[in-house]
Amino acid sequence: MENENKDPQKPDEGVKPAEESKAADVPKVVDTPKPNEGDKPEVAAVTDNKEKKPRRGLGRVSSVQGPVVDIRFDNIDDIPALYDCIEVSTFDKKPIILQTAEHLNKNLVRTVALHDTLNLQLNAPCYNTFQPITIPIGDECFGRIMDAVGNPIDQKGPINAPIRKPIRVLQQTLGFDLKQKKAAKLEVLETGLKYFDLLYPLVKGGKTGIIGGAGCGKTVVILELINNIVKEHGGACVFAGIGERIREGNELFHELTDSGLLNNVMLAYGQMDQPPGARAEVVNTGITLAEYLQGKNKDILLFMDNIFRFIQGGQEVSTLLGRVPAETGYQPTLASEVSGVQERIRSAPGGGSVTALQAVYVPADDMTDPAVVAIFSYLDGSVVLSRDLVQRGMYPAIDPLQSSCSNLDPNVVGKRHFEMSQTVIQHFSKYNSLKRIVAVIGVEELNKEDRQVYGRAQRLLNFMTQPFSVSEVFTGKKGQYVHLNETLDGVEAVLNGDYDKTKPADFYMIGKAPKLG
């Protein structure tokens, strides 16, 4: 007991006395040397949930500055590697996980807390676990919500998964088949949303970003896509809630429960109330769950709301660690952090695919923001939401002239679909240029051809709106799922002039095109 009380003061007196005092504690701390004798016991400790984790490497809290905690270790052998976890408890016995971020000197490490550091005391004992963040992996995760470190937060008890896996390690290595000359044909995934199916088709294994400012409806579109795709196609789905509103995560959970889809979905939340470290790491938790399902040759739908908050969390961590920011205020490691996440979302040839749908917040509606540009380069399709359309009540508020999709190709969607989509975009472009002229002189002053294009474009813009199932409570209109052939038939009829005598208002917030006559 005397040695333990004197431990905190020993490092100031010199290295040798500290080592002598530590020698007295060796039987207690390193009582089970088996994990150091070979790799097998260490792996079993990481992957087997039933065995006790090795707890060694005693350190003490040196300073606490918000979510940044400095830990001092007397023994140099106890120093954790980067991204290793350190366990500590507050004085009211609340456990906190700290992730190693920097080595300040041979005895001092700087860590980022993944839980709230309230009531964490100076000199509190902490333990190096000698392993990174691991989460439970298995089919037991279906229908459950976990946080960034794998703890259940749905009040349903522990997740009894057979193994635990680290979230920062690639679960499945993919090679390149040099003999494979011809790529497999892309398979289009029907969403039931007219805008997406017509102009921005999803394909299995693709990445699509839903981009917009605050209040433009990104989360509503993501939730509707989850509702439609999981209901219609079944299959496995992973949802990563990254730094968004707790209310939205709660609503999604109850909606999935009410519709009977919860058992097809794994959920990982690191919402707005979490420290920046948790918001930055939960994206890796979601991808690890998706990689597990992909390893079982399943087609996965990975929904991420919001990928910008992952960058924002990394920015806060970078600032707290004292790193010099880039010119625009973001972390200097922005490009490598984004690529580290996006390159993990990929499909295995001849195996499972991961189809990613990512909501991207645009700060101050600035599409040239470095974080948005960094995400852009990895997307197959980008669907841009317009604030102007939101104010006019056009939902989903997709701007067809700013959005783009590389999957809109005759070899992917077919010749009829491709030609029709190009005609629609031409009509929207012409409407955009005529809009200001009409505001000045009126539609009657246009020539016959322009008046015809203007009227049909109005009908098409209204026809692209549709009531959502997830917003029935707010709109009072039942959600509509529109099949691709119904969308194409309706658009073709409008372009052919079959509805030229129908009012544009009759196309607003409907599913299929109205019957003629």
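Predicted model: local features only at pLDDT ≥ 70, side-chain atom pairs only at ≥ 80, totals over all residues.
Two strands count as paired if DSSP finds at least two bridges between them.

**First stop: the barrel**

Select residues 58–65, which form strand E1, together with residues 125–132, which form strand E6. The two strands run antiparallel and are joined by three bridges. Within this selection, display Leu 58, which stands opposite Tyr 127 of E6.

Now widen the selection to the six strands of the closed barrel, whose order is E1-E2-E5-E4-E3-E6. The pairing in this barrel is antiparallel. From one strand to the next, the twist averages 45 degrees.

Is Cys 126 buried or exposed? Its relative accessibility is 0%, so Cys 126 counts as buried. Cys 141, at 1% relative accessibility, counts as buried as well.

A pair of aromatic rings is described by the distance of the centres and the angle of the planes. The structure holds six aromatic pairs. For one of these, select Phe 463 and Phe 507: the ring centres are 6.3 Å apart and the planes lie at 85 degrees, so the pair is edge-to-face.

Phe 463 belongs to helix H16 (residues 448–463), whereas Phe 507 lies in the segment after helix H18 (484–495). The two residues are 44 residues apart, and their pair links distant parts of the chain. Phe 463 has a relative accessible area of 0% and is therefore buried; the value for Phe 507 is also 0%, so this residue is buried too.

Which geometry does the pair of Tyr 499 and Phe 507 adopt? The centres are 5.1 Å apart and the planes are at 85 degrees, so this pair is edge-to-face. Both Tyr 499 and Phe 507 are buried. With Phe 463 displayed again, the ring pairs can be followed through a cluster of Phe 463, Tyr 499 and Phe 507.

**Last stop: arginines over tyrosine rings**

Select Tyr 83 and Arg 168. The arginine lies over the face of Tyr 83, at 4.0 Å from the ring centre. Then move to Tyr 361, where Arg 309 lies over the ring face at 4.7 Å from the centre.

Definitions and conventions: Residues numbered from 1 in each chain as written. Heavy atoms only, no water. Helix = DSSP H or I, 4+ residues; strand = E, 2+ residues; numbered from the N terminus. Axes fitted to C-alpha atoms, helices over the stretch in contact; angles between N-to-C directions. Phe/Tyr/Trp six-rings, centres within 6.5 Å; stacked < 30°, edge-to-face > 60°. Buried < 20%, exposed > 50% of the residue type's maximum accessible area, 1.4 Å probe, protein only. Lys NZ or Arg CZ within 6 Å of the ring centre and 35° of its normal.
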